[in-house]
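Each question below can be checked against the picture. Try it yourself before you read the answer.

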Amino acid sequence: MFHGVSIQQFNKFFQSEDDCKQYLFDLKWKDGYKCHRCGFTKSYKGKTSFHLRCQACRYDESVTANTVFHKLKIPLLKAFGMSFRIAVKKKGMSTTELAREFCVNQKSSWLFKRKAQQSMKSSGNYPLDGKVEVDELMIGGPEKDKRGRNKGEKKLVVIAVEKVKDNKIGRAYAQVIEKASAECFKPFFERHIDNDNAKVITDGWRGYWPLESEFEIKQKPSNGGKSFQGLHAVIMNLKGWLRGIHHHCSGRFINGYLDEFFFRFNRRNFLNSIWHKLIERFMTNQPYSYKANET
C-alpha cells in the first residue's frame with residue numbers, strides 16, 4: 001500500500017490505469033470476496049483481470065463497481081492524482097486548480113471534489129472526550145447591523161475541539177446549524193461528544209443550558225476569545241483556509257468543506273497514510289452522482 005506525501009513518489013508508484021486498478025483490487029477484496037448481489041463468497045476471474053464473477057449468480061463485478069469510483073467520467077489515473085492533491089496538499093486544492101492541473105473541465109473537477117468531501121465526512125465513531133471546548137462561528141464574517149449570534153445571510157457553524165496533553169489541540173469537528181439553540185446543538189453533541197467522558201466548556205450563551213442534564217457543561221466568559229485561545233486558533237485557520245483557497249463556498253455545500261478541513265486536520269500527524277485512508281473511504285462509500293447535488 002502507498003504511504004507518503006511526495007508527489008514524485010506517488011507518480012512513480014502509479015504510472016498507468018492498471019496500477020490504479022490493481023491497487024483498488026487489492027484493497028476491495030483484501031478480506032475476501034463477497035458478492036454484492038447475493039452474498040456468495042466464492043468467485044472466479046471475470047471478463048478482465050480486475051473483475052471477479054460470482055460462482056452462484058454469475059454477477060460480474062468490476063473493481064470500481066459499487067464504490068465512489070463507479071462510472072467515473074475521468075481516467076482513474078487522474079482521479080488518483082486529484083485525490084492525492086486534495087488529501088496531502090497542506091491547504092487542499094480548489095476545483096479551479098484541480099481542473100487546470102489535471103486538464104479536466106470545471107464540472108468534472110467540481111463533482112470529483114464533492115465525491116472526496118462526501119468520503120471525508122466523519123464516521124461518528126470517535127467522539128471527543130476529556131476536556132472539550134465548544135463555540136460557534138459565522139462563515140463569511142458579521143454583516144452590517146447584525147449583532148451577536150444573529151447570522152443574517154451568513155452560515156452559523158458549531159465547532160468543538162478536544163484539549164489533550166499540555167493543553168494542545170487534539171481532534172475537532174464542526175457542522176452548520178440553523179440557530180444557536182439547544183435544539184440545534186443537541187444532534188451535534190450526540191454525534192461528536194462522548195457524554196460519559198467529556199467535560200464540555202462553553203461561553204455563557206444560554207442556548208447550552210438545556211443540555212446540562214445530558215452533558216457535563218461548564219460555562220465561563222469568553223473575554224473576546226482569550227479564554228478559548230486554542231479553539232479560536234482553529235477557527236481562524238478554518239476561516240483563513242476558506243478565504244485563501246476557495247474564496248466563496250455555496251451555503252448549500254458548506255458542510256462538505258467543513259468535512260474536508262477536519263478530515264485533514266484530525267490526521268495532521270498521520271500525513272503518510274492520509275491518502276490511503278481517503279481511498280479506503282472511496283471504496284466503502286456508495287457512488288455519488290451529479291444529480292445527487294440537485295436534490
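**A walk through the chain**

Q: How far from the ring centre of Phe265 does Arg268 lie?
A: Arg268 lies over the face of Phe265. A charge sits over a ring if NZ of Lys or CZ of Arg is within 6 Å of the ring centre and within 35 degrees of the ring normal. Here the distance from the ring centre is 4.0 Å.

Q: What kind of model is this?
A: Residues are numbered from 1 along each chain as its sequence is written, and side-chain values use heavy atoms, leaving out hydrogens and water. Local features need pLDDT of at least 70, side-chain atom pairs count only at pLDDT 80 or more, and totals for chains, interfaces and linings use all residues, for the model is predicted.

Q: Which residue's charged end sits over the ring of Phe228?
A: Look for a charge 5.3 Å from the centre of the Phe228 ring. It belongs to Lys220.

Q: How many helices and strands does the chain have?
A: Helices (H or I, at least four residues) and strands (E, at least two) are DSSP runs, numbered from the N terminus. Along its principal axes, the C-alpha trace spans about 65 × 40 × 40 Å. The chain has nine helices and eight strands.

Q: What share of the residues of the chain count as buried?
A: Buried means under 20% relative accessible area, exposed over 50%, and partly exposed in between (1.4 Å probe, protein chains only). The chain has 295 residues. Those that count as buried make up 48%.

Q: How many bridges join strand 1 to strand 2?
A: Two strands pair if DSSP finds at least two bridges between them. Strand 1 (residues 43–45) and strand 2 (residues 51–54) run antiparallel, and a hairpin of five residues joins them. Ser43 has Cys54 as its bridge partner. The number of bridges is three.

Q: Which residue takes a positive phi in the hairpin of strand 2 and strand 3?
A: Strand 2 and strand 3 (residues 60–62) run antiparallel, joined by three bridges. Leu52 stands opposite Glu61. Five residues lie between these strands, and the one with a phi near 65° is Arg58.

Q: How many aromatic pairs are counted?
A: Rings of Phe, Tyr and Trp (its six-membered ring) pair if their centres lie within 6.5 Å; planes under 30 degrees apart are stacked, over 60 edge-to-face, the rest tilted. By this rule the count is 30.

Q: What is the angle between the planes of Phe2 and Trp275?
A: A pair of aromatic rings is described by the distance of the centres and the angle of the planes. Phe2 and Trp275 are edge-to-face, 6.0 Å centre to centre. The angle is 80°.

Q: How many residues apart in sequence are the parts tied together by Phe2 and Trp275?
A: Phe2 lies in the segment before helix 1 (7–13), and Trp275 lies in helix 9 (residues 271–284). Both Phe2 and Trp275 are buried. The pair therefore ties together parts that are apart by 273 residues.

Q: What is the distance, centre to centre, of Phe189 and Phe215?
A: Phe189 and Phe215 form an edge-to-face pair, with 85° between the planes. Phe189 is in helix 6 (residues 182–192), and Phe215 is in the loop between strand 7 (193–202) and strand 8 (216–219). Phe189 and Phe215 are each buried. Centre to centre, the distance is 5.2 Å.

Q: How many of the 13 residues of helix 3 are buried?
A: Helix 3 covers residues 76–88. Its buried residues include Leu76, Phe80 and Val88. Helix 3 is largely enclosed by the rest of the structure, because the buried count is 11.

Q: How far apart are the end C-alpha atoms of helix 3?
A: The expected span of a helix is 1.5 Å times one less than its number of residues. For the 13 residues of helix 3 that should give 18 Å, which agrees with the end C-alpha atoms: they are apart by 18 Å.

Q: Is Asp166 buried or exposed?
A: Asp166 is in the loop between strand 5 (155–163) and strand 6 (169–177). Its phi is near 60°, a positive value in a residue other than glycine. With 62% relative accessibility, Asp166 counts as exposed.

Q: What separates the C-alpha atoms of Ile201 and Phe228?
A: Ile201 lies in strand 7 and is buried, with a relative accessible area of 10%. Contact means heavy atoms within 4.5 Å, and the contacts of Ile201 beyond four places in sequence include Val132, Lys220 and Phe228. Ile201 and Phe228 are 27 residues apart along the chain, yet their C-alpha atoms are separated by 9.2 Å.
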